[in-house]
Amino acid sequence: MEQVTNDLADECTESLQTKDVVDEEVMQKPSLDNLKTYQKVKAACEYILENREKLDSTTTLSSKYLYDIAQGEFSEQFSEFSLSKNTFLQYLSNTVKDTESSINCLGKKKGYYISSIVKVVEEKLTINEEIEAKSEEIQVARKQKEKLLYPVLESWLIAQGYQSSNVSSNRSLGKWGNPDLAGVNALDNFSGVSLEIVTVEAKTSLENWEQWIFEAISHRRFANRSYFAFAHPEETISKIPQDLRYYAELYNIGVLVLSL
């Protein structure tokens, strides 16, 4: 999985606090009863981070501090006798890659926080689910947004040595027959000159990726290389579903991530 991006991420310093006084409860303390151990760690840490307003990468809590707070506020579940510190920290680390978790971390020793971008994306997807997917107006708007990605992807193709062209408006091959972008590279070999064809199918998000990835797969009928490209918030790239990687490897296509 390749990331196509400018370096937009600034180094963030971990925010360690020796005191964090909360005058009143911001949210109701969750019950961890009947939850599996991983779910307990996830629910408790989401509560702690949100309750202390650790809502972006500039205000974080270290893993050690999260464990200490969890021991105090959820003593029955996270005491040294009921769950070891190493196990707690391992589960906490796993939440960063969990697509159903809002916990995020930008790197080792950079602390944990609740990602506001995750919430915005979740709200957007919820709204989109309420809209008729087949609406002609929505389809037109989606294609217009996708076109904004084309110049970046064309530049990437050129950098890889291909002559690139926008072929999204050519629908002569029927549904899923034409990619958004195509590239051609002339290769010199012992038997003469051969052409290598590469295609790119671009989407503005991961929404409905299970359907759209098959557009890229269908282009393998005539292309040497096919890519599924999509835009994604940079700080939540770690939450890209592993199933997407599985499909890409199974059907032998590439994945390009345009980080925002």
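Before any angle is quoted, let me say that an axis here is a line fitted to C-alpha atoms, for helices over the stretch in contact, and that angles run from 0 to 180 degrees between N-to-C directions. Helices (H or I, at least four residues) and strands (E, at least two) are DSSP runs, numbered from the N terminus.

What you see is a predicted model, in which local features need pLDDT of at least 70 and side-chain atom pairs count only at pLDDT 80 or more, while totals for chains, interfaces and linings use all residues. Residues are numbered from 1 along each chain as its sequence is written, and side-chain values use heavy atoms, with hydrogens and water left out.

As an overview, the secondary structure of the protein chain comes to 9 helices and 8 strands. Of its 260 residues, 40% count as buried, where buried means under 20% relative accessible area, exposed means over 50%, and partly exposed lies in between, with a 1.4 Å probe and protein chains only.

Let me begin with H1 and H2, whose axes come within 10 Å and cross at roughly 105°. That makes H1 roughly perpendicular to H2; on this scale, angles under 35 degrees count as roughly parallel, over 145 as roughly antiparallel, 65 to 115 as roughly perpendicular, and the rest as oblique. The contact, meaning heavy atoms within 4.5 Å, is made by Cys45, Tyr47, Ile48 and Leu49 of H1 together with Leu66, Ile69, Ala70 and Glu73 of H2. Helix H2 covers residues 63-73, and its buried residues are Tyr65, Leu66, Tyr67, Ile69 and Ala70. What covers those buried residues includes helix H1 (37-51), helix H3 (75-78) and helix H4 (85-95).

In the loop between H1 and H2 we find Glu53, which has a positive phi of about 55° although it is not a glycine. Most residues other than glycine have a negative phi. Glu53 is exposed, with a relative accessible area of 53%.

Turning to the strands, which pair if DSSP finds at least two bridges between them, strand E4 (residues 163-166) is joined by 4 bridges to strand E5 (residues 181-189), and the two run antiparallel. E5 is also joined to strand E6 (residues 192-203), by 9 bridges, and this pair runs antiparallel as well. Ala182 of E5 is the bridge partner of Ser165, and in E6 the bridge partner of Ala182 is Thr199. E5 and E6 form a hairpin with 2 residues between them.

Finally, how do helix H8 (residues 209-218) and helix H9 (residues 242-251) pack, and at what angle? The angle is about 20°, with the axes 11 Å apart, and H8 and H9 are therefore roughly parallel to each other. Their contact is made by Trp209, Ile213, Phe214 and Ile217 of H8, with Asp243, Leu244, Tyr247, Ala248 and Tyr251 of H9. H8 is mostly covered, with 7 of its 10 residues buried, including Trp209, Trp212 and Ile213.

Asn252 is exposed, with a relative accessible area of 54%.
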